[in-house]
Amino acid sequence: MTDHPRLPRYIPTCVGTAYAGMSKESKPGVYGPEQDPNHGPYVLAAEADAEIDRLMQWVSDLQSGMYVNCVYCGHRYGPGETTPVSMADALRAHVEACPKHPMSALKAECDRLRAENARFRKLYHLLARDVIFFSQYDEDTNTWPDCGEFFSPCVLLNDTFAYATADAERVTDDQLDLLIKMDRQFGQSGVVAWAAQVRGSEPLEPYRTEKYCAAREWLRTASPATGAK
Ligand SMILES: [Zn+2]
């Protein structure tokens with residue numbers, strides 16, 4: 001039950017005084033003061049750990065015959081539930097998910113920040129590779145929101161699908177992993193192939209290289225779940 005290191009060490013304990021004068025044969029592990037008249041009785045630490053385990057099991061057994069309640073939402077667990085966990089474990093699991101317990105809000109916030117951090121890392125990676133830039137234009141509303149309030153990751157495609165054009169393709173969050181994979185595997189050809197797949201159209205002739213065709217083929221066959229249009 002516990003993770004105490006099982007080292008052969010001895011710790012002083014007042015428990016030993018209750019057995020003062022007893023031989024270690026009559027109470028294994030507990031030594032009487034005759035063992036060390038200067039420091040009193042000692043108990044083998046491993047046996048103390050075993051005793052802690054036994055008492056924790058006892059607490060668990062006692063709790064199994066009663067209800068445990070969440071003080072935040074009133075959720076009640078037990079007795080007689082058949083879930084193969086202790087009452088403390090059941091309550092701990094509830095607390096993590098209880099909408100009224102402050103810990104569930106912290107956990108949700110922690111999950112949100114982790115996801116946001118992972119997204120930023122992917123964006124920084126693509127930015128460092130010159131695969132994307134941040135546009136200030138919001139395609140959904142066809143507006144230019146306030147400076148600094150909005151950024152939209154896009155792949156720059158000037159003069160790629162048509163000559164003399166300023167062109168870009170927006171990258172949604174669910175496409176970040178695929179775009180990173182295309183860049184890693186095929187370089188710029190992979191990125192253009194990704195855009196071609198998303199748009200359902202082919203780039204200008206100079207972009208349709210052997211590597212580009214390989215990337216297109218890979219997207220068509222090896223990656224059915226690309227999420228592309
Ligand atoms: Zn609760």
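**Close-up 1. Pro-153 in strand E6 of the predicted model.** Pro-153 lies in strand E6, which spans residues 152-156, in a model that is predicted. Pro-153 counts as buried because 22 C-beta neighbours fall inside 10 Å, the cut-off for burial being 20 or more. Leaving out residues up to four places away in sequence, Pro-153 touches Leu-123, Ile-132, Phe-134 and Val-171.

**Close-up 2. The largest nonpolar core.** This core has 21 residues, of which Val-155, Leu-179, Met-182, Val-191, Ala-193, Trp-194 and Ala-195 touch the most other members. At least two residues of the core come from each of helix H5 (176-186), helix H6 (188-199) and helix H7 (210-221), and H6 gives the most, with seven residues. In soluble globular proteins, nonpolar side chains tend to be buried together.

**Close-up 3. The surroundings of Ala-195.** When neighbours within four places in sequence are set aside, Ala-195 is in contact with Val-155, Leu-157 and Glu-169. Both Ala-195 and Val-155 are among the core residues that touch the most other members.

**Close-up 4. The crossing of helices H3 and H4.** The axes of helix H3 (residues 87-97) and helix H4 (residues 102-128) come within 6 Å and cross at roughly 60°, and H3 and H4 are therefore oblique to each other. On the H3 side the contact is made by Val-95, Glu-96 and Ala-97, and on the H4 side by Met-103, Ser-104 and Lys-107. By residue class, the contact of H3 with H4 divides into three nonpolar, one polar and two charged residues.

Close-up 5. The mean pLDDT of the protein chain is 80, with 74% of its residues reaching 70 or more. Over residues 15-20, however, the pLDDT is below 50, and this stretch has 15 contacts in the model beyond near neighbours in sequence. Residues 22-34 likewise have a pLDDT below 50, with 24 contacts in the model beyond near neighbours in sequence.

**Overview for the close-ups. The protein chain as a whole.** The protein chain has seven helices and seven strands, which follow the pattern β-α-β-α-β-β-α-α-β-β-β-α-α-α along the sequence. Of its 229 residues, 16% count as buried. Among contacts in the protein chain with a separation of 6 or more, 42% are accounted for by residues 24 or more positions apart.

Conventions. Residues numbered from 1 in each chain as written. Helix = DSSP H or I, 4+ residues; strand = E, 2+ residues; numbered from the N terminus. Buried ≥ 20, exposed ≤ 12 C-beta atoms within 10 Å, placed from the backbone. Contact = placed C-beta atoms within 7 Å. Axes fitted to C-alpha atoms, helices over the stretch in contact; angles between N-to-C directions. Parallel < 35°, antiparallel > 145°, perpendicular 65-115°, else oblique. Nonpolar A, V, L, I, M, F, W, Y, C, P; charged D, E, K, R; others polar. pLDDT = per-residue confidence, 0-100. Core = buried A, V, L, I, M, F, W, Y, C linked by C-beta atoms within 7 Å.
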